Amino acid sequence: MDEIDIQLLETMQRQPDLSQRDLADRVGLSQNACWRRLKKLEDGGIIKGRSLKLNREALGLSLVVFTMIRTRSHSAQWLETFRRHVSNIPEVTDFFRIGGDQDYLLKIVARDMASYDHVYQRLIDKVELDSVTSYFTMEAIIENRGLPLRAG
């Protein structure tokens with residue numbers, strides 16, 4: 001990637017709704033050159049898709065919970081069952097396997113505590129877990145920030 005690719009990606013992260021013409025103008029390219037670079041970035045797997053950022057507060061989804069999970073089992077079969085189970089819970093917006101004292105980190109978005117409790121009950125229903133610890137957010141200071149593309 002060169003400087004123009006980085007400018008394209010940074011601009012798209014900040015303003016994903018720009019037309020290709022406006023994007024090309026912002027980075028000093030012709031529209032065709034811009035399209036070719038975007039196509040190359042998509043074909044290379046750098047751009048995985050485009051998405052829309054929604055205002056969760058405006059949608060009534062005011063509760064964000066980070067849930068840490070420790071497991072007893074680490075077999076491939078258990079892991080596949082667990083991944084499938086968690087992936088079928090739409091309130092889980094992010095799901096990571098992590099190192100340290102815990103095994104997994106989930107970001108859960110819900111309307112309120114009762115909605116979160118419903119998610120929690122579904123989470124523990126079908127898969128044996130050692131421990132589940134949840135942290136409830138009070139304020140989102142930075143959320144859905146774009147990726148840092150320049151080494152700092």
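The lining of the largest pocket holds 13 nonpolar, seven polar and 10 charged residues. Here Ala, Val, Leu, Ile, Met, Phe, Trp, Tyr, Cys and Pro count as nonpolar, Asp, Glu, Lys and Arg as charged, and the others, Gly among them, as polar. A pocket is an open set of points on a 1 Å grid over the protein atoms alone where a 1.4 Å probe fits, with protein on both sides within 12 Å along at least five of seven lines; lining residues have an atom within 4 Å of a point.

The model is predicted: local features need pLDDT of at least 70, side-chain atom pairs count only at pLDDT 80 or more, and totals for chains, interfaces and linings use all residues. Residues are numbered from 1 along each chain as its sequence is written, and side-chain values use heavy atoms, with hydrogens and water left out.

The space in the largest pocket is about 1,200 Å³. Of its 30 lining residues, the closest to the centre are Ser 51, Leu 52, Lys 53, Asn 144 and Arg 145. The largest share of the lining, three residues, comes from α1.

Buried means under 20% relative accessible area and exposed over 50% (1.4 Å probe, protein chains only).

| Class in α4 | Residues |
|---|---|
| Buried | Trp 78, Phe 82, His 85, Val 86 |
| Exposed | Ala 76, Gln 77, Ser 87 |

The buried residues of α4 fall within an arc of 90° seen down its axis (directions from the helix axis to the C-beta atoms), so they line one face of the helix.

How values were computed:
Helices (H or I, at least four residues) and strands (E, at least two) are DSSP runs, numbered from the N terminus. Grid points are joined across faces, edges and corners, and a volume is the space filled by probe spheres set on the points.
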